[in-house]
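Keep the sequence and the 3D view side by side as you read.

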Amino acid sequence: MNDTRLLVKGLTVTLREQPFTPILKDVSFSVGRGTITGIVGGSGSGKTTLALALLGLVPPAMRVKSGEILFEGRDVLGMDAEELRRLRGARISMSFQEPSGAFDPVVTIGAHILAAMAAHNPSAGTLARQKMLDLLALVEVPDPRRVAACYPHELSGGLRQRAMLALALCARPALLVADEPTSSLDVTLQARVMALFRKLRRELGVSIVLIAHDLGMVRRLADETVILSQGRVVGADHAYAKALMAAEEM
Amino acid sequence: MILQVEGLCKTYPGGVKALDGVTLDIRAGENLGLVGESGCGKTTLARVVMGLVAPDAGTVLLRGNPDRREFCRQVRMVFQDPFTSLDPRYSVREILKEALTLEPRMTTGEGLTRMRRVLDQVRMPRDILARYPHEFSGGERQRLAIARALMTEPSLLILDEAVSSLDVLVQKEIVLMLEELQQRLHMTYFFISHNLRVVRRLSRKIAVMTGGRIVEYGDRDAVFDRPAHPYTRTLIQAAFNYEVAP
Amino acid sequence: MSEMRLAWQRFVRDRVAFIALGVLGLLYALTLFADVIAPYTLRDESRLHTYCPPSALHVLAADGSFSGLYVRGVAMHYDEYRRRSYNETQDVYPVKFFARGEPYQLFGLVRMDRHLFSVDEPGRIYLLGADSRGRDIFSRILHGARVSLTIGILGVLISFGIGLLVGGIAGYFGGHVDNVLMRLCEMVMMVPGFYLLLALRAAVPDSLSSLQIYAAITIILSFIGWAGLARVIRGMCLSLKERDYVLAAWTMGLGDMEIIVRHILPHTISYSLAAVTLAVPGYILGESALSLIGLGIQDPYASWGNMLSEAMSIVRIQFAPWILWPAFFIGLAVMCFNLVGDAWRDAWDPLLKGRGDNA
């Protein structure tokens, strides 16, 4: 059990207004050190709520009814705002489907990353810039110096996605939650980002929770796959899982 | 030969060459699938064909005829995002009725019969005519968009990423429905997508586009089994094996 | 339509704006029935009551018994500094409701002579005091509201019409058309509004009837206001014409005008409504400013602006502060329009909240 980074036990989340229609119902799974866990589900399956809950961000309209989320042995849901703030970004970070929302349009990519690095490690000093460029190189941004000087809108979707990964990784988190990291990208870029995830896992030992609707992709990349249907975890022999697999075949 | 596209060129202000001499033929019953990545010019091609964007050079002919009225009746387009392609202010009845703009001789009764028929065809209940787009899910809206396209009984349907924004399961339903519609209504599809799986399922001919040019064109099996152009190989490798050569 | 309904629901939640809307409704209702509500007509004056202060309303007779609503007569006299002052006399003039008075035509059609309330001559009832010629300020505010409140709406409708047309054409067709029309707008907007107002007013001959002056001022005001609205509408059309449903309509063979009318303008309505509401105060203030300096509505016709021209001397304000009442109504109307417009804009698009917009 020492290798378990994240443990979700019996997590049930409901709408505040309608406590008997759960968004998530008795969800349990674990994420080991340096593993990739895929969470697959259609729209409305609760996967985005789950992703937010992992960061302690339960939407205000919802309430955790029961269950716990243990990250490195500590209960995320019981933390106060200050503890959560320290946890997020530093130990757990998240990347979003649409990268443009994560960036301020009038700040360069480099400045974004430097600011995030300074927030987590104020003593970095003059080395910070080199570290920032290394980070961009790590996520396979070609010509990091040029990209660091760019504004978000000047980058293509694929580059923006990678720049956001760099931002998410700048504090060297133990767990990266990636929400639909490839669904807005073209097939070749999808394949590139997936290769990048493998490399990050290998080189940084980061655990990755990959949230997607594309079962075929997740099965190839993830060590373990959790299929969510209407807020519940379903097994590979469940009708929904079978339908998903059949849809892959087209 | 339904559609002949010849030597289309389009350069946007700013110097982006979206179309660089595109020539295509679509024969009746021979679905053409156009694949390529975002920015390759496939949406521009669809828009030029539909007359939404004026080309710098080249021609688009429907059965050898450049007449726009006839073109609008025979060629219909289904857009990618069903949340933006239906005007939220109009009911299903008004949306479907608008598709008959070029059929002014049709009586209200005939129009209503036609509406019921297309709703049957896309497997939507008939009693939704008074409802509004926001009452429907993404998949249902896309069915409505397809129903609207079917109103004039077109011979060619241009589907621009028509299933890309939908859930995988819904994608599959729509694709199955499109297959069935084709068998019943004898339409031809011009299917534009970056999703190679869907394209492979629906098309007999495949065109691969990159940088505003068609780099590969041929029968589906030939293109998928023996791709001639290196770009096609990269695309297939990435789509089916999720791998890309470094 | 559901978009509109949602916005309305959000709007109603804003209590202050809802009250402001109610106040505006009340003001317009008063305007509509000004002839009935006002005890005196426009031409009524009484030189014996120059700057008479607001009448005190009494309900108790001299012996302390209840006697019904009445006012007393007033007598003017001068003090040792030749300052005018009024004392109440013992004459009692009961307030009569729906009694016959001076005749008028309701809505310009129905001949009537009943007033909501009045007192018999020679008694005078001045709810808000009298002006230099002994005219009832309350009555004149009601009559003046016709000019001041309608000129805003009418002016805005005209400039909105022009703005919708120019903005719609510029936005939908784009390119050179857009360029030429927008440069034109900028030229109009470049000239400081008030000087343009004066210049245009100077171009209109003096010897006009009051109705002609009213029309001239409305047109002049809308000539200044349309440019800003045109730019707003143009911006919206630019983004609306790229919507998929507009493209879809085009591929189905709809004509340009059909598309503009069916799919573009309806989507600008909710926002335009806010822009228009926010533009009304400018017209009200513009008319007031012109009339204040004597270039607008001429005596004996009333507007809130020309009533205020009496208040241009500090001495008069000191001795008869009630001549400032029209300013209160201008302020009230302007504030209500701003509150309603702001709230409506926020309700229409919660994302715009707090963002300054000088449309």
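## A strand with two partners

In chain B, strand E8 and strand E9 (residues 213–219) run antiparallel and pair over six bridges. Strands here are DSSP runs labelled E of at least two residues, numbered from the N terminus, and two strands pair if DSSP finds at least two bridges between them. One place to look is Ile206(B), whose bridge partner in E9(B) is Gly218(B). The hairpin of E8(B) and E9(B) has two residues between the strands, and in it Gly211(B) takes a positive phi near 60°.

E8(B) also pairs with strand E3 (residues 32–35) of chain B, in the parallel sense and over four bridges. There, Ala207(B) in E8(B) stands opposite Leu34(B). Why is E8(B) largely enclosed by the rest of the structure? Of its six residues (205–210), five are buried, so the rest of the structure largely encloses this strand. Buried means under 20% relative accessible area, exposed means over 50%, and partly exposed lies in between (1.4 Å probe, protein chains only).

## How to read this model

This is a predicted model, in which local features need pLDDT of at least 70 and side-chain atom pairs count only at pLDDT 80 or more, while totals for chains, interfaces and linings use all residues. Residues are numbered from 1 along each chain as its sequence is written, chains are lettered from A and ligands numbered from 1 in the order in which they are written, and side-chain values use heavy atoms, leaving out hydrogens and water.

## Inside chain A

Now find Val8(A), in strand E1 (residues 4–15) of chain A. Is Val8(A) buried or exposed? Val8(A) counts as buried, because its relative accessibility is 1%.

## A nonpolar patch on chain C

Next, turn to the surface of chain C. Leu57(C), Val59(C), Leu60(C), Phe66(C), Leu69(C), Phe97(C) and Phe98(C) make up a nonpolar patch there, with about 710 Å² of accessible area together. Strands E1 (58–60), E2 (66–78) and E4 (96–106) of chain C each give two or more residues to this patch. Patches are made of residues with over 30% relative accessible area and no salt bridge; nonpolar side chains (Val, Leu, Ile, Met, Phe, Trp, Tyr) are joined within 5 Å, and like charges within 9 Å. A salt bridge is a side-chain nitrogen of Lys or Arg within 4 Å of a carboxyl oxygen of Asp or Glu. Accessible areas come from the Shrake-Rupley method with a 1.4 Å probe, and for residues only the protein chains shown count as cover.

Phe66(C) belongs to strand E2 of chain C, and counts as exposed because its relative accessibility is 65%.
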